[in-house]
Amino acid sequence: MASKLRTLALGSKPHVNIILNEERSSYSTLDKLSGKVEIAVPHSTRFDEVGIQFIGTTKTFLDKMPSTPGLAGGQSAFHQFLKLRQPISESSYPQPRVFEPGRTYEFPFVFVVPQQLLPRVCKHEVHHESIRDCHLQLPPSLGTVTPHDDMGPDMAKIQYQIAARITTSSEIDGTPKPLATRMKTIRIVPTVNEQPPVNVVGDSDYILRSEKSIKKGMFKGKLGTLVIEAEQPKSLRLPNPYNPEETTISTVAIVKLRFDPAVANSQPPRLGSLNSKLKTTTWYATGARVDFPTRKDCFYDHRQGLHSVSIGLSSRCMGNVEWVSRTESASAEEQLARRDSGFSHQEVPKYPSPSTKYKGDKFWTAEIIVPVALPKDKHFVPTFHSCLTSRTYSLNLSLGIHSAGVGFPSVELKLPLQISTEGKGEVDAISRTSSAVEERLMEIELENELLTAEHRGSWSYDDLETPEPTDLPPEYEAYRRPIITAAG
């Protein structure tokens, strides 16, 4: 009876199960994925090979207007950017190669999440090699296997899977034929270092500086010009492992204000609330990108699309901001003093440069520190750019102004914001290497203290050897298909 129930439960096909030794919500760069594939069959089954692979794929879809009314249209693309194969020795297979019922066959595997992709993954044309460098970085999982919303649209999916497949030869032509396939999806959040600030020259997607003319009231002339500017904040650094419910991720943005009065005795305007929003943008395409994505490209190129989500962060009253009165002559002396330091070319100006309507002499400055913390009900992925998909973030700030009789005008900034991630694997590797070196240095120092001056030998850093790793990652399998395929 037990045998019959087992046969009914398994069905006619082999039953394949993938088991990880350590189940985690996410894995990072250099993390080890070890486990086993279990196989059981309801009846004697001849086979040729058991294949175990660790693969990474990107799938994108883009709607398009159909040429014929009433017919749906669309374009899609598929990119397999990672394929690691687990070698299986001949001694691991049963002899002859027949799975027998009543037994469970086990095939162990070990994969290591790579630091970057192979150069052959990105062979398409790019405008600059820095674009290719980004495309060869491991992208994070997007739109899959997370209990939290990572704000990835249905049109862009990045998936990592451990795949197990049993194949046999066809009796007709001898080609491999799959008997059973099993996939286990896992979440990858790779190590991503903080990158240099985004160059926003000529880029309309971001606004680092704005000017606003302030009126005294209806038909009462102008009070002056308010200038607001800020630089890209430091990146939001995700720890490893990252659990949004338990971890607070934050940074700060420093907003600098300048008020150039229309007449010398004009006072700065009364400020209202400063509202901050985090904008998440997922870019996707059905053709390989040659540059970083922009809204302009999505407007003119039918193969590109984007999906944006805005999240409100905070609203703070700025009525108590302290303004500092300054003069042009004092400002020039201060700038001159900072240039004498020898490092002034790396320093950030203390306040914005004059507005286009500045009349000279007196002006006012102020500074606002804006805290930025990631919401805990979302799962954020690091900033990345791949051949088909990208994820970027921006911090949108809106400062209200109280102006008599003319409503409540506001001035806005759109700052680029990066999200980077720590890598537990890298940290552990560096820590182990540092500890080994420190221990060896202590041993050599002790030996030198015990030796007399005439018998004291010399040593060099070349003597500080670290052991070779014993768990080598599986080999890359050569690609048998085009790197990027598209259909439309």
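Okay, a definition to start: helices (H or I, at least four residues) and strands (E, at least two) are DSSP runs, numbered from the N terminus. With that, let's find glutamate 246: it's in the loop between strand 12 (236-238) and strand 13 (250-261).

A word on where this comes from. It's a predicted model, where local features need pLDDT of at least 70, side-chain atom pairs count only at pLDDT 80 or more, and totals for chains, interfaces and linings use all residues. Residues are numbered from 1 along each chain as its sequence is written, and side-chain values use heavy atoms, with hydrogens and water left out.

So, is glutamate 246 buried or exposed? Buried is under 20% relative accessible area, exposed is over 50%, and partly exposed is in between (1.4 Å probe, protein chains only). Glutamate 246 comes out at 65%, which makes it exposed. Its C-alpha is 8.1 Å from that of lysine 376, though they're 130 residues apart in sequence.

Now compare aspartate 31, in the loop between strand 1 (15-20) and strand 2 (32-40). Aspartate 31 is buried, at 7% relative accessible area.

Zooming out, the protein chain has 5 helices and 23 strands. Of its 488 residues, 43% are buried. Take contacts (heavy atoms within 4.5 Å): among those between residues at least 6 apart in sequence, 74% join residues at least 24 apart.

On to cysteines. How many disulfides does a search of the whole structure find? A disulfide here is a pair of cysteine sulfur atoms within 2.5 Å, and the search turns up 0. For cysteine 122, the closest cysteine sulfur is in cysteine 387, at 3.9 Å, and that's too far for a bond. Cysteine 122 is buried at 1% relative accessible area, and cysteine 298 is buried too, at 15%.

Last stop, the largest pocket. On a 1 Å grid over the protein atoms alone, a pocket is an open set of points where a 1.4 Å probe fits, with protein on both sides within 12 Å along at least five of seven lines; lining residues have an atom within 4 Å of a point. Of the 48 lining residues, the closest to the centre are Cys134, Val198, Phe292, Thr383 and His385. And where is this pocket? Domain 1 (15-192) and domain 2 (209-327 + 349-421) both give residues to the lining, so it lies between them; those bounds come from an automatic or database domain assignment.
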